[in-house]
Amino acid sequence: SKNNHQTDVVIIGAGPTGLFAIFQCGMLGMKTHVIDALEATGGQCTALYPEKPIYDIPGFPTVAAAELIEHLEQQAAPFDPLYHLDQQVTGLQQESNGNWTVTTSKSTAISCKAVIIAAGAGAFGPNRPPLEGLENFEGSSVFYLVKRREAFRDKSVVIAGGGDSAVDWAMSLPEVAKKVYVVHRRDKFRAAPESVARMRSLAEMGKIEMVVPYQLHGLEGTDGKLEAVIVKDLKGNERSLEANILLPFYGLATDLGPMADWGFELERNHVVVNPTTCQTQKPGIFAIGDIATYENKLKLILCGFSEAAMAAHAIYPLVFPDHELHFQYSTSQGVPGE
Ligand code: FAD
């Protein structure tokens, strides 16, 4: 089926080290597929600090995190990696012939000769509010990010949270939505002061309704169609907000998920590897970047890059058992398309 794939190396995680591993594998003639829980590549650089400058990437006195990720993708592109984004790796099984099969939450199954785990602190996902029956509304009435503002035209929307995303959408959605509520547990917002001021002036004009200090308490509706969001204040006073859409913006969490049960030696949620190869205790399974640990490990992007190179060289004989690898520089070899 179209969900079944075969490749040389599966890379779990499209953060900076996963992206560089595509390049390193590619230079040794190995094909790669890359999986990430997020919809975009870049791991922490994209999800947590896209606009911050990084000062310790060799050769770049300063580079914005998002720009580094763009460069890494460009560098990897000649090797035609296949990206499987917006899905979490859920399974890892060894086949009878020694190959591995990696499976995801979207039923993607990829058979490969080796796996590189470049999973950082685990899969990124939204912090979900603890509401009964939440899963019945997710994807139909409850969304953790806004892809198209138009989808909320003429809807009544509850925005929950006090950070940048909540405040940004509180400023933008009144242009299309019928009604916008902002629910936050206190009257202080953790967003740029100018944005907060603009949000408050929209509230004064009656374009949004501030529901403060309140917390989400319950959801009402049937068949995934939200009808009301119940909120409560600290004294227990309840309000029912008539709404079709709930946007909880409570930030991102990381989840090691099923990886924690794959039988690796873990040290405080890090996978222990041989520092000269980055191989885990399971032959054919490698770990690099923030998730990998060994004595004196530094959690830095530049170390992740070096680990990607070591892992690729250690994987080569698994993919090409009959070839001997002669070490070469990128300058003597060139890259495809040059
Ligand atoms: P990550 O960037 O964490 O990426 C891992 C990816 O794997 C994530 O996208 C995640 O969704 C995905 N993933 C995990 N598990 C699964 C799964 N089961 N299924 C699917 N996908 C999965 N480092 C520096 O070197 N210099 C700096 O100046 C610097 N500044 C920083 C500033 C901040 C604010 C922060 C938070 C970090 C900073 N770092 C810096 C650290 C640096 O960002 C990390 O070392 C780096 O991102 C690690 O890269 P990685 O590819 O190993 O993992």
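The legends below describe close-up views of a predicted model. Local features need pLDDT of at least 70 and side-chain atom pairs count only at pLDDT 80 or more, while totals for chains, interfaces and linings use all residues. Residues are numbered from 1 along each chain as its sequence is written.

**View 1. The shell around the ligand.** The ligand is surrounded by 36 residues, a residue being near if its C-beta atom, placed from the backbone, lies within 6 Å of the molecule. Gly-13, Gly-15, Gly-43, Gly-120 and Gly-289 are the closest. Two or more residues each come from α1 (16-27), α2 (43-47), β11 (123-126) and α7 (301-319); helices (H or I, at least four residues) and strands (E, at least two) are DSSP runs, numbered from the N terminus. By class, the shell holds 20 nonpolar, 12 polar and four charged residues (Ala, Val, Leu, Ile, Met, Phe, Trp, Tyr, Cys and Pro count as nonpolar, Asp, Glu, Lys and Arg as charged, the others, Gly among them, as polar).

**View 2. The packing of α1 against α7.** The two helices, α1 and α7, pack at an angle of about 35° with their axes 8 Å apart; axes are lines fitted to C-alpha atoms over the stretch in contact, and angles run from 0 to 180 degrees between N-to-C directions. Among the residues that meet are Phe-20 and Gln-24 in α1 and Phe-305 and Glu-307 in α7, contact requiring C-beta atoms, placed from the backbone, within 7 Å. This contact of α1 with α7 comprises 10 nonpolar, three polar and one charged residue.

**View 3. The two domains of the chain.** Domain 1 covers 4-125 + 253-333 and domain 2 covers 134-250, with bounds from an automatic or database domain assignment. Their C-alpha centres, those of domain 1 and domain 2, lie 37 Å apart.

Methods: Contact = placed C-beta atoms within 7 Å.
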